[in-house]
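Hi there,

Here is the structure I promised to pass on to you. Have a look at it first, and then read my notes below.

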Amino acid sequence: MQIEQIETDVVVVGCGIAGLCAAVTALEAGARVVVLERSNREERGGNSRWTEANLRMKSVEDVADDLEEHLAENAGCHLPPEVIQATTQAYQDWPSHVKAHAFTDPELITTLADGSPDALQWLENIGVKFSEMPGYFLTTSTSRIVPIGGGLAIIDSLAEYFECKGGRIMYQTTAKDLTRDACGRINGILATTDAGPLRVTAKSTILASGGFQGNPEMLARYIGPQARYTRPVARGGYYDRGEGIVMGLTAGAAAGGDFTRFHAEPIDPRSDEPEPIVLVFNYGIMVNRDARRFTNEAPGSVDATYEAISRQIFEQPDGIAYAILDSSIDDVPNWKRSVRTDQPPVQANTIAELASKLDLDVATLEETVAAYNRSCTGTTFDPLQPDGLATDNSLQPAKSNWARPIEKGPFLAYPIICGNCFTFGGLKVSKEARVVDGDGRPVPGLYGAGEVMGFYHGVYTGASSVLRSIVFGRIAGHSATGGP
């Protein structure tokens, strides 16, 4: 079969926020740009299409006060002091193993923080509008703004602008491999389409094709057997199968980020809605398949703690838990804003009936609820901020906030699993969005942005992933066209 041939200046793999930011930036620099997207037009955008796109910003002009601090605190596990010390020098003086280290290095953190205001104002000029409208968190620990219309609004605005200015998006086109010229420089992509194989030759190649949350084999390999109990939080995640990461690693790229972790969210497994989160467990208790509590349901504001609790759910038998509430949940203003599933809670007039409906051991759940109720201290309840209303020392694990007895019927329960929003592991990328090899040297002709970047470790810095896509997408577009 004959291979279709296309020649361009820049080829971008992926039509999400990172890919389109890169593509539009390169186009504005005067380059010919082709974007390859594995989905059809109606599904374009991968994860970006479905996200509310929370941004850790006080306003379009100012990042949240804790953005850099939180990223630095979660830059890696047990980092050697000599690695940290090396980063106090100028980047060109870092040892090669530090440049190629998987940690979130200070260069990337500073670049993200410094570049966010300009990048958002650039999006505003293209037609994206931002707001401080409330999201689904009832209690918060940081500043956030959102694009009106979520990630889809960014995708549609950028794609329309890109195509209007002469850019080309090739749908139902899956990148399979990188190509090199005679000198070893990356010079394009081999891909497949419904019509057959395709070769795109380009001066610069930008990988922005997402993580591997849609690839069961990679999840099992990196996350382990428990990965069978998770799933992407939205349909777009199934398009993210990790080929860009595999292509980069095969080409000699260094690995970045934590391949054993992903951004975890508590979702209702019964729902087909995008991101069917359940974020009211902090007002009740969580039990596993053994009908026993296993976590402190409310160590702090839900926006800062839900990921850690989701990871604990992930480790439970069958990877599932149940949020048990009573009718006093109605004392929490607008509590349904924090429940995005389209499925109703399981409801019963008694705890025994609720246990039967959940297929849990009746006696064990009754004793679990009774033990919790006995430990509640009964002081002042404040639903909209951590209130210190904790259980007494008789209960283990303790509950730190919003601990009220579960005694007012009807009783409610939501099943919850650990959803996989996006994976953390990817390619090591410099502050110029150049993919670097195991010696910290740029892989000639290759750039990366978005989830392809290995960026996160430990606890996800909430509302920063879309910022990462916008900022480093823009930088990749500049770098790929010889810009600053």
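Pro-397 is found in the loop between H11 and S15, where helices (H or I, at least four residues) and strands (E, at least two) are DSSP runs, numbered from the N terminus. The peptide bond that joins Gln-396 and Pro-397 is cis, with omega about -5°. The loop between H11 and S15 also holds Pro-410. Here, too, the bond is cis: it runs from Gly-409 to Pro-410, and its omega is near -5°.

Before you go further, please keep in mind that this is a predicted model, in which local features need pLDDT of at least 70, side-chain atom pairs count only at pLDDT 80 or more, and totals for chains, interfaces and linings use all residues. Residues are numbered from 1 along each chain as its sequence is written, and side-chain values use heavy atoms, with hydrogens and water left out.

Next, some backbone angles. Ala-291 is not a glycine, yet its phi is positive, about 65°. You can find Ala-291 in the loop between strand S12 (285-287) and helix H9 (302-314). Ala-291 has a relative accessible area of 0%, so it is buried; buried means under 20% relative accessible area, exposed over 50%, and partly exposed in between (1.4 Å probe, protein chains only). Ala-433, another residue other than glycine, has a positive phi near 65°. Its place is the loop between strand S16 (426-427) and strand S17 (434-436). With a relative accessible area of 0%, Ala-433 is buried.

Now to the helices. Two packed helices are described by the angle between their axes and the distance between the axes. The axes are lines fitted to C-alpha atoms, for helices over the stretch in contact, and angles run from 0 to 180 degrees between N-to-C directions.

How do helix H1 (residues 17-28) and helix H6 (residues 150-164) pack, and at what angle? The angle is about 30°, and the axes are 10 Å apart. That angle makes H1 roughly parallel to H6, because angles under 35 degrees count as roughly parallel, over 145 as roughly antiparallel, 65 to 115 as roughly perpendicular and the rest as oblique. The crossing of H1 past H6 is left-handed; a crossing has that name if the near helix is turned anticlockwise from the far one by less than a right angle, and is right-handed if clockwise. On the H1 side, the residues that meet H6 include Leu-20, Val-24 and Leu-27, and among those they meet in H6 are Ile-154, Leu-158 and Phe-162. By class, this contact of H1 with H6 has 12 nonpolar, 1 polar and 1 charged residues. For these classes, Ala, Val, Leu, Ile, Met, Phe, Trp, Tyr, Cys and Pro count as nonpolar, Asp, Glu, Lys and Arg as charged, and the others, Gly among them, as polar.

Helix H10 (residues 351-358) is my next stop. Which of its residues are buried? They are Ile-351, Leu-354, Ala-355 and Leu-358. These residues cover an arc of only 100° around the axis, which puts them on the same side of H10; the arc is that of the directions from the helix axis to the C-beta atoms. The buried residues of H10 pack against strand S13 (320-325), strand S14 (346-348), helix H11 (362-375) and strand S15 (411-423), with contact meaning heavy atoms within 4.5 Å. Asp-359 follows H10, and its phi is positive, near 60°.

The axes of H10 and H11 come within 9 Å and cross at roughly 130°. That makes H10 oblique to H11. In this pair, H10 passes H11 in a right-handed crossing. Ile-351, Ala-352, Ala-355 and Ser-356 of H10 make the contact with Val-362, Leu-365, Glu-366 and Val-369 of H11.

Let us stay with Val-369, which lies in helix H11. Val-369 counts as buried, at 3% relative accessibility. Apart from neighbours within four places in sequence, Val-369 is in contact with Ile-285, Ile-351 and Ile-406. Val-369 and Ile-351 are 18 residues apart along the chain, and their C-alpha atoms are separated by 8.1 Å.

Ser-338 is buried, with a relative accessible area of 0%.

Enjoy exploring, and write back with any questions!

Best wishes
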